[in-house]
Amino acid sequence: TWHLKKIPQIVSERTFSLDSPKFEAKPNLELNSVCGIECQRKLPVPSLSDLKDLLSYETVFENGTRTLTEVNVLGLTPVSAGNTTTHKSLRKKRQIYGTDSRFSIYDKRFMTNFPFNTAVKVSTGCSGILISPKHVLTAAHCLHNGKDYVKGSKRLRVGLMKTKKQRRSGRKQETSDGMPSFQWTRVKSTHIPKGWFKGVSGDIALDYDYAVLELKRPHKRKYMELGISPTIKMMPGSMIHFSGFDNDRSGQLVYRFCSISDESNDLFYQYCDAEPGSTGSGIYLRLKEPNKKKWKRKIIAVYSGHQWVDVNGEQQDYNVAVRITPLKYAQICFWIHGNDENCTQG
């Protein structure tokens, strides 16, 4: 069941203008030497002043101007460190683990219907997911490398799937079944948390690898609601699902589901088969609505991609996702609505 949680409030205190970004960073779809799970477990729980700093955010507008908004966090329940379960497993260094368990979605009825039609393509080469009539959730590193915005993010666009129509040419009927084409929409503004630019350790912090894009015009599709990420024990079969546009299957929507191997307070570690291009996909669960018989899918994490980490002096890899904690829920909800009144229950 989805459990309702009281959400802390995030309120904006001050907004400053910043210089326009250079937009010169190279996009990097694979992050290296990130704080891994052992390192995550040793990190101190951020203080309230740390959190206010990490959850302050930059907004970049379509015309290249940029602002920084400082926030305050109200009604915070302290989180204990080490909310984790451990399954020790060493894996070989690759992104497809064992048999490739990804499914390419070809059938138009699936592709253009919920939940698959909530997956979008971001023009910098990543995926994302629709979370409101005007907003898309994706990974921060699809837009910013920790120091500067990536080259393609100045004229950022989002591609919504549509299936190609049949074309009649003479007597022949040409069909391009199952290959989505995209209806591209310009992005009006982008929000990235300051925690992405400077982690607790001074490096980029994977915990904050998420961003929200506001589209220039609303779409008319069903979108996916946000949910608070439960612990592994509270998930049916500890299974997660996500769909994105993997680079090795050009033009196809790729769906996968797998179980989570490990978790820290902010991250899920899993071995879902995924290739670059699916980064930024929304990871969702299907759970029962409280006191109802209906099932509901909600986004509980953002797929951050394939990571190499240093574990006891050895390079090890896994696929990682950023969990939507009550604080991140409050922040993303604030970005969508522009106030915190609609964000009290998650």
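Start with helix H4: its 12 residues at 1.5 Å a residue should span 16 Å, and its end C-alpha atoms are 16 Å apart, which agrees. The expected span is 1.5 Å times one less than the number of residues. Helices (H or I, at least four residues) and strands (E, at least two) are DSSP runs, numbered from the N terminus.

This is a predicted model, in which local features need pLDDT of at least 70 and side-chain atom pairs count only at pLDDT 80 or more, while totals for chains, interfaces and linings use all residues. Residues are numbered from 1 along each chain as its sequence is written, and side-chain values use heavy atoms, with hydrogens and water left out.

**Whole chain**

Of its 346 residues, 53% are buried (under 20% relative accessible area; exposed is over 50%, partly exposed in between; 1.4 Å probe, protein chains only). Its accessible surface is about 16500 Å², with 49% belonging to carbon and sulfur atoms; such areas come from the Shrake-Rupley method with a 1.4 Å probe, and for residues only the protein chains shown count as cover. Among contacts (heavy atoms within 4.5 Å) with a separation of 6 or more, 74% are between residues 24 or more positions apart.

**Helix H4 and the cores**

Select residues 326-337, which form H4. This helix is largely enclosed by the rest of the structure, because 10 of its 12 residues are buried. Among them are Lys328 and Gln331, along with Leu327, Phe334 and Trp335. Just after H4, Gly338 takes a positive phi of about 80°.

Next, colour the largest nonpolar core, which has 66 residues. A nonpolar core is a set of buried Ala, Val, Leu, Ile, Met, Phe, Trp, Tyr and Cys residues joined through side-chain atoms within 4.5 Å. Leu55, Ile131, Leu137, Tyr210 and Ile332 touch the most other members. H4 gives the most to this core, with 8 residues. Centre on Ile332: beyond four places in sequence, Ile332 touches Ile131, Leu137, Tyr210, Val212 and Leu226. A second, separate core has 16 residues, including Ile260, Phe268, Ile283 and Ile300.

**Met239**

From Ile260, move to Met239: the two are 21 residues apart in sequence and 6.4 Å apart in space, C-alpha to C-alpha. Met239 lies in strand S14 (residues 239-244). Its relative accessibility is 26%, so Met239 counts as partly exposed. Leaving out residues up to four places away in sequence, Met239 touches Phe257, Cys258, Ser259 and Leu285.

Select strand S2 (residues 57-61), where 4 of the 5 residues are buried. S2 runs antiparallel to strand S3 (residues 66-74), and 4 bridges join them; two strands pair if DSSP finds at least two bridges between them. The hairpin has 4 residues between its strands, and Gly64 in the turn has a positive phi of about 90°.

Across the pair, Tyr57 stands opposite Thr69 in S3. Thr69 counts as buried because its relative accessibility is 4%. Its side chain makes a polar contact of 3.2 Å with that of Thr15. A polar contact is a pair of N or O atoms within 3.5 Å; within protein, one must be able to donate a hydrogen and the other to accept it, and residues adjacent in sequence count only if both atoms are side-chain atoms. Beyond four places in sequence, Thr69 touches Ser12, Arg14, Thr15, Ser56 and Tyr57.

**Phe23**

End at Phe23, in the loop between strand S1 (9-18) and helix H1 (37-42). Most residues other than glycine have a negative phi. Phe23 has a positive phi of about 55° although it is not a glycine. At 7% relative accessibility, Phe23 counts as buried.
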